[in-house]
Amino acid sequence: MTTTNPDLSLSLRGEQSDVAVITLNRVTKRNALNDGLILAIRDVFQNLPKSVRAAVIDGNGEHFCAGLDLSELSERDAGEGVLHSRMWHAALDCVEKGPVPVVAALHGAVVGGGLELASACHIRVADESTFYALPEGTRGIFVGGGGSVRVPKLIGAARMADMMFTGRVYNAVDGERIGLAQYLVPTGTALDKAIELATRIATNAPLTNYALVHALPRIAEQPSDHGLFTEALMASIAQSAPEAKARVRAFLEGKAAKVSKG
Ligand code: 1HE
């Protein structure tokens, strides 16, 4: 099904319709993100059906996403530029701090704003065709979609600066090695793997997923004393939920899976 914008589609998977697959569908422009598409991403994450417990975002065609639609850049003055960047921030915040965990399924170009979108997701699965770049550096501009906040958390500020200073392109193998993706899979299988992961994530207790999306990133940025206190509060809330008690009881009664070697 399409959303309010034909360049973005949403389909529901699973018997409970608990996994949403959100697809960039602007193939002729390599899924470049124009204003309409950014607002559609915001809207879709703000209005996910109640049944959804995990989401996947992918791109149709040869590439995940070519970044900002450069054809919209030329007419903006400084003030409009700030508002434009803030619009991206608001939209990608809806991905990162939305109602459910989001898995990005990457292939081909993951560049500029495409990498900013991918880095707002919680897990990145890349196939072997994936390549990453931040061509903003060579286009005379700067990241504006949250990249300077989110990308250094994945790979460090020095590696990000190198990508922008020198136009360095990371291939799929090196991208996984430095932390741009957590999973590397054969070409053409990223979407299947992402759906498999999202389906598994959807079976977690909702409060656990909520804590991972909303508490963990905040705790990681707090001074350790504050972080430990927040952790104690979150742990207490999570373990007092009836679902947590039922899951622990099931393990103790031998009815739940053990941890097994990967
Ligand atoms: C675009 C865009 C775009 C493609 N904006 N139109 N991003 C970039 O600097 C990356 C620019 N794109 C590329 O380097 C390449 O297009 C790709 C490596 C992604 C793909 O190459 P390829 O050979 O498959 O496609 P193509 O022939 O280059 O492009 C096909 C069409 O898409 C063509 O339009 P056409 O009308 O001539 O068919 C391209 O102009 C168009 N296209 N990418 C507009 N990005 C919040 S701040 C974020 C700042 C940034 O993201 S800056 C980085 C922008």
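Strand E5 (109–111), helix H3 (113–119) and helix H4 (136–139) each contribute at least two residues to the shell around the ligand; helices (H or I, at least four residues) and strands (E, at least two) are DSSP runs, numbered from the N terminus. The model is predicted, local features need pLDDT of at least 70, side-chain atom pairs count only at pLDDT 80 or more, and totals for chains, interfaces and linings use all residues. Residues are numbered from 1 along each chain as its sequence is written, and side-chain values use heavy atoms, with hydrogens and water left out.

The ligand is surrounded by 22 residues, a residue being near a molecule if one of its heavy atoms lies within 4 Å of it. The closest are Lys29, Ala66, Leu68, Gly113 and Arg139. An N or O atom in the side chain of lysine 29 is 2.6 Å from an oxygen atom of the ligand. For leucine 68, a backbone N or O atom lies 2.8 Å from a ligand oxygen atom. Taken alone, the ligand exposes 1,000 Å², of which the protein buries 65% (Shrake-Rupley method, 1.4 Å probe).

Aspartate 69 lies in the loop between strand E3 (54–59) and helix H2 (78–96). With a relative accessible area of 7%, aspartate 69 is buried (under 20%; exposed is over 50% and partly exposed in between, with a 1.4 Å probe and protein chains only). Not counting residues up to four places away in sequence, aspartate 69 touches Arg26, Ala32, Leu33 and Asn34 (heavy atoms within 4.5 Å).

Leucine 252, in helix H11 (residues 242–252), is exposed, at a relative accessible area of 67%.

Technical notes:
A polar contact is a pair of N or O atoms within 3.5 Å; within protein, one must be able to donate a hydrogen and the other to accept it, and residues adjacent in sequence count only if both atoms are side-chain atoms.
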